[in-house]
There are 4 protein chains.
Amino acid sequence: MHHAQQILQTHPGAPTVSRELLACLAACHDCEAACLACADACLSEENVKHMVGCIRLDRDCAAVCGTLGAVLARGTASGEPLTALLDACIAACKACADECERHGKMGMEHCRVCAEACRACEQACRQLRATG
Amino acid sequence: MHHAQQILQTHPGAPTVSRELLACLAACHDCEAACLACADACLSEENVKHMVGCIRLDRDCAAVCGTLGAVLARGTASGEPLTALLDACIAACKACADECERHGKMGMEHCRVCAEACRACEQACRQLRATG
Amino acid sequence: MHHAQQILQTHPGAPTVSRELLACLAACHDCEAACLACADACLSEENVKHMVGCIRLDRDCAAVCGTLGAVLARGTASGEPLTALLDACIAACKACADECERHGKMGMEHCRVCAEACRACEQACRQLRATG
Amino acid sequence: MHHAQQILQTHPGAPTVSRELLACLAACHDCEAACLACADACLSEENVKHMVGCIRLDRDCAAVCGTLGAVLARGTASGEPLTALLDACIAACKACADECERHGKMGMEHCRVCAEACRACEQACRQLRATG
């Protein structure tokens, strides 16, 4: 994400791009891709049926992370719409992390790693929200 | 993107995730965010009217990069749909880079950096396409 | 959206797809496209500078509506993640409608129509949320 | 999509919004939602394993249709980037329709309907491409 970060730091209308925003932007992109990869890996598991709930949470989490990432990349969102979207992303990441952790404990490596990405994104959202 | 990359490398159904795919995935995310940030920075320029064409190309390039990034994150896309989407991304990145370079030469720093992100993504798409 | 609605109504795992969900799904798609069209129409206005705030709210509203539309199309989302995403969409639609209404009263037809789409989507989200 | 269509028809910078563009925009939204609903319905099937290829094609088709829909909603895209994106959407819709038709013939109603949505979108893309 280094080009995007460089632009945000020289953006004429967004002089206050914070460390928390840049961290949350990167976490959203990582979590979106991790959830999409995890959902697809789940589809390749022997026991797909067991993974259906995880796949659904992965998809929804990826969609919300992708949208928050897009909104943050613009650098100028603020107020109630941003706060509510951060809350939506926190809820999506938490739900997905809870489910992925369960599977991770049963040995599914992609779920264990995905849970880490979700927790990191949840945390980055909380930290950005706290600066608002 | 390190969680996503880790998952793709252990994905049970995508054993052949290549260096080119991982590079293209990262380039898509960087380019998507760079284009969104550039479009928003353009909106903050004194002479917005001058930037309208650039904003439109930024938006379209961001949308195509976002979608290619999502498709690549799944790790299993192939064949004609993938090739055609890579071509669409190459065309979007090229058009946006051409326009941003023009503005970059006139001193617009965000456009100069965005053009770099677009060229890097265009190149990464071509390299992935060549492995197909 | 008639194919999507037909699938949701015969979806083996989503037997309780409500009238409110189908209405909200259609409203999200209409509002997303209306906001994208309005943002682009704003870019074509003589006085673009005056429209910058509206363009930004249009973009963010379109992104959130698009994601909620995708989540609803799956037919099985529920609980806290869905509620929080509905709240985020309500906030985005409200902020965009407020701004577009101001411009609509000054004679901008695309903003007047876009405000209608945002209010309709906000309302559809509230009605779906009330059924939860 | 009636608000979005109304805006496109009064868009100051897009005087030539064609019947084909409006039809393709509506088809993209319908197909995106149909593919997402079909993918989720596939996850609820008794024999999920059998549906994995279909789910993947559904996802990719939905992503490309969503992006083309967003690009078309702006009303001003043109040239090589638009043509290449239309080609990508044609390829995605064709691949998904071929797979869904196979399942539809075996009695899966959601796949049969989804194939219809994909064919309609493929056709709308071809017709818009022919006007370019």
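1. The interface of chain D with chain A. In this predicted model, chain D and chain A together bury about 980 Å², and carbon and sulfur atoms account for 50% of that area. On the side of chain D, the residues that lose the most area to chain A are D:Leu43, D:Lys49 and D:Arg56, which together make up 50% of what that side buries. The contact involves 11 residues of chain D and 11 residues of chain A.

2. Polar and charged pairing between chains D and A. The rule finds two salt bridges across this interface. In a salt bridge between D:Asp40 and A:Arg56, the side chains meet at 2.9 Å, N to O. Eight residue pairs in polar contact are also found across the interface of chain D and chain A, with both residues at pLDDT 80 or more. Helix 2 (19-43) and helix 3 (52-74) of chain D each contribute at least two residues to the side that touches chain A. Helix 3 of chain D gives the most to that side, with four residues. By class, the side of chain D that touches chain A holds six charged, four nonpolar and one polar residue.

3. The interface of chain B with chain A. Here about 2,900 Å² is buried between chain B and chain A, 65% of it on carbon and sulfur atoms. How many salt bridges are counted between chain B and chain A? The count is zero. The rule does find 11 residue pairs in polar contact across the interface of chain B and chain A, both residues of each pair being at pLDDT 80 or more. On the side of chain B that touches chain A, two or more residues come from each of helix 1, helix 2 (19-43), helix 3 (52-74) and helix 5 (109-131) of chain B. Helix 2 of chain B gives the most, with 10 residues. The residues on this side of chain B divide into 16 nonpolar, 10 polar and nine charged. In total, 35 residues from chain B and 35 residues from chain A take part in the contact.

4. A:His29. This residue lies in helix 2 of chain A. Is A:His29 buried or exposed? A:His29 counts as buried because its relative accessibility is 3%, below the 20% cut-off. Leaving aside residues up to four places away in sequence, A:His29 touches A:Met1 of its own chain and B:Met1, B:His29, B:Glu32 and B:Ala33 of chain B.

5. Helix 4 of chain A and the residue that follows. Just after helix 4 of chain A, A:Gly107 adopts a positive phi of about 100 degrees.

6. Helix 5 of chain A. Helix 5 (residues 109-131) has 23 residues, and the distance from its first C-alpha to its last is 34 Å, close to the 33 Å expected at 1.5 Å a residue. The buried residues of helix 5 include A:His110, A:Val113, A:Ala117, A:Glu122 and A:Leu128. Among the buried cysteines of helix 5 are A:Cys111, A:Cys114, A:Cys118, A:Cys121 and A:Cys125. In an α-helix, residues three or four places apart point the same way, because there are 3.6 residues a turn. Which elements do the buried residues of helix 5 of chain A pack against? Within chain A the partners are helix 2 (19-43), helix 3 (52-74) and helix 4 (79-105), and from chain B helix 1 (2-10) joins them.

How values were computed: Residues are numbered from 1 along each chain as its sequence is written. Chains are lettered from A and ligands numbered from 1 in the order in which they are written. This is a predicted model: local features need pLDDT of at least 70, side-chain atom pairs count only at pLDDT 80 or more; totals for chains, interfaces and linings use all residues. Side-chain values use heavy atoms; hydrogens and water are left out. The expected span of a helix is 1.5 Å times one less than its number of residues. Buried means under 20% relative accessible area, exposed over 50%, partly exposed in between (1.4 Å probe, protein chains only). Contact means heavy atoms within 4.5 Å. Buried area is the accessible area (1.4 Å probe) that two parts lose on being put together, summed over both. A salt bridge is a side-chain nitrogen of Lys or Arg within 4 Å of a carboxyl oxygen of Asp or Glu. A polar contact is a pair of N or O atoms within 3.5 Å; within protein, one must be able to donate a hydrogen and the other to accept it, and residues adjacent in sequence count only if both atoms are side-chain atoms. Ala, Val, Leu, Ile, Met, Phe, Trp, Tyr, Cys and Pro count as nonpolar, Asp, Glu, Lys and Arg as charged, and the others, Gly among them, as polar.
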